[in-house]
Amino acid sequence: MEPYESEALAAVTTRPVHPYRTLTVERITPVLGAEVSGVDLSTEIPAAQLDEIRTAFRDHHVLVFRHQTITAEDHKRFAAAFGELRPVNPPPPKGDPYILEIRTASAAVDVDGNGWHADGTADAEPSLGSMLYITEVPEPGCGGDTMFANMHLAYEMLSPAMRSLLDPLTAVHDGAQAFEGSTPPADYVIPRTEHPIVARHPETDRKLLYVNKAYTSRIPQLSAPESRALLGMLFDTIAGRPILHCRVSWTPGTLVFWDNRCVQHHALYDYYPYTRYGQRVAINGGPVKG
Ligand code: SIN
C-alpha cells in the first residue's frame with residue numbers, strides 16, 4: 001500500500017467512536033456501514049433517538065435496521081424525518097408515487113441495480129438517501145446481498161497527483177445510460193446533468209468522488225479517449241477495491257438506509273432462479289456541491 005493510501009485509511013479508522021444512549025451501533029467494516037439496534041421503526045421515533053440515528057448516518061453512511069415489521073406509512077414517516085420524500089421517477093403506473101417496488105421474478109434475466117451506482121445522480125438535485133425495506137429474500141444461503149462503497153475513501157486513497165487532476169473537473173451524468181437495452185416510458189424526460197467530479201458532503205464538507213458507472217458518461221474538459229480512460233480507471237477503483245466496501249446480507253424485515261451523496265451500491269444478482277422483494281423510499285437532496 002502506498003503511504004498516502006495508508007494515511008487515508010488510518011484517518012478513517014482512527015476516528016473517535018460516538019457514544020450512543022438510545023441505540024446500539026455496531027460497525028460492519030472499519031470504514032463503512034453499521035448495524036443499528038434498539039429502534040422500532042413501526043412507531044414514532046423520539047427526537048433524541050432520531051438525533052442519534054442522524055449521528056450514526058453521518059459517521060457510517062449505511063445503516064442496517066433488522067427485525068422490523070413496518071407498513072408503507074411507517075416507512076415513509078421514517079424517511080420523512082430526514083428530508084422531503086422523493087417521488088419515484090418515472091412514476092409507477094399504479095400504487096404509491098413514493099414507493100419503488102424492487103421485485104425480482106423467478107429466473108429473471110437481470111435485476112435493476114445490478115451494477116455500481118448511486119440513485120438519481122443524473123438529476124440536477126440527486127437523492128440524499130434511500131431506504132430499502134426487504135421482506136422476501138432468496139432461499140437462505142442463496143445470495144441477494146447488496147454491496148456498498150465509500151466514496152470519501154475512494155477519493156482520499158487516490159494519489160495526490162490524481163486528486164489534483166480531478167479536483168477542478170466535472171462529469172456528465174446521463175439518465176439514458178440506465179435504460180441501455182430497454183426503452184424509457186414515452187413521456188419520461190431523461191435527466192442529464194453536469195456535476196463536479198470531486199464533490200463535498202453538504203453536512204460535513206468532506207470531499208468525495210462523484211462518478212458512477214451507471215450514469216456518468218463523459219468528462220467534458222477531456223478528449224473522448226482521455227475521458228473514457230480516466231472514468232474507466234475510476235470505475236475500476238470503485239468496483240475493485242474491497243477496502244472501500246461493506247456488504248449487507250438481507251434477512252426478511254431488514255431496512256437499510258444509505259447516503260446516496262457519498263456511497264454507491266450494487267445489488268448483486270447471484271440468486272437465479274430465486275425471487276426477492278422489497279420497497280424503496282427515497283429522500284430529496286440538493287444540488288451537488290463542488
Ligand atoms: C437499488 O439499486 O436501489 C436496489 C438495491 C437492492 O436491490 O439491493
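Trainee: Okay. What kind of model is this?

Mentor: This is a predicted model: local features need pLDDT of at least 70, side-chain atom pairs count only at pLDDT 80 or more, and totals for chains, interfaces and linings use all residues. Residues are numbered from 1 along each chain as its sequence is written, and side-chain values use heavy atoms, with hydrogens and water left out.

Trainee: Is Glu73 buried or exposed?

Mentor: Glu73 counts as exposed, at 51% relative accessibility. Lys76 counts as buried, at 12%.

Trainee: Which residue does Glu73 form a salt bridge with?

Mentor: With Lys76; the closest N and O atoms are 3.4 Å apart. A salt bridge here is a side-chain nitrogen of Lys or Arg within 4 Å of a carboxyl oxygen of Asp or Glu.

Trainee: How many residues apart are Glu73 and Lys76 in helix H3?

Mentor: Three, so about one helical turn separates them in helix H3. Helices (H or I, at least four residues) and strands (E, at least two) are DSSP runs, numbered from the N terminus.

Trainee: Which residues are linked with Glu73 in a network of salt bridges?

Mentor: Lys76 and Asp96 are in that network with Glu73.

Trainee: How many salt bridges does the count come to?

Mentor: The count comes to 17 by that rule. One of them joins the side chains of Glu35 and Arg66, at 2.9 Å from N to O. That pair links distant parts of the chain, 31 residues apart. Glu35 is in strand S2 (residues 34-37), and Arg66 is in the loop between strand S3 (62-65) and helix H3 (72-80). Glu35 is partly exposed, with a relative accessible area of 24%.

Trainee: And which residue meets Arg247 in a salt bridge?

Mentor: Asp145 does, at 2.8 Å from N to O. Arg247 counts as partly exposed at 43%, and Asp145 as buried at 11%.

Trainee: New topic: the ligand. Which residues are around the ligand?

Mentor: Among them are Ile102, Gly113, His117, Asp119, Leu132, Thr146, Trp258 and Arg276. Near means that one of a residue's heavy atoms lies within 4 Å of the molecule or strand.

Trainee: Which side chains come up against an oxygen atom of the ligand?

Mentor: An N or O atom in the side chain of Thr146 is 2.5 Å from a ligand oxygen. For a polar side-chain atom of Arg276, the distance to a ligand oxygen is 2.8 Å. For His117 it is 2.9 Å.

Trainee: Where does Asn260 lie?

Mentor: In the loop between strand S14 (254-259) and strand S15 (263-267). Asn260 is buried, with a relative accessible area of 2%. The side chains of Asn260 and Trp258 are joined by a polar contact of 3.0 Å. The Asn260 side chain also reaches the backbone nitrogen of Asp119, at 3.1 Å.

Trainee: What counts as a polar contact?

Mentor: A pair of N or O atoms within 3.5 Å. Within protein, one must be able to donate a hydrogen and the other to accept it, and residues adjacent in sequence count only if both atoms are side-chain atoms.

Trainee: How much space lies in the largest cavity?

Mentor: About 70 Å³. Its lining includes Val12, Arg15, His18, Arg27 and Asp59.

Methods
1 Å grid on protein atoms, 1.4 Å probe; cavity = no way out; pocket = protein on both sides within 12 Å on 5 of 7 lines; lining within 4 Å. Points joined across faces, edges and corners; volume = space filled by probe spheres on them. Buried < 20%, exposed > 50% of the residue type's maximum accessible area, 1.4 Å probe, protein only.
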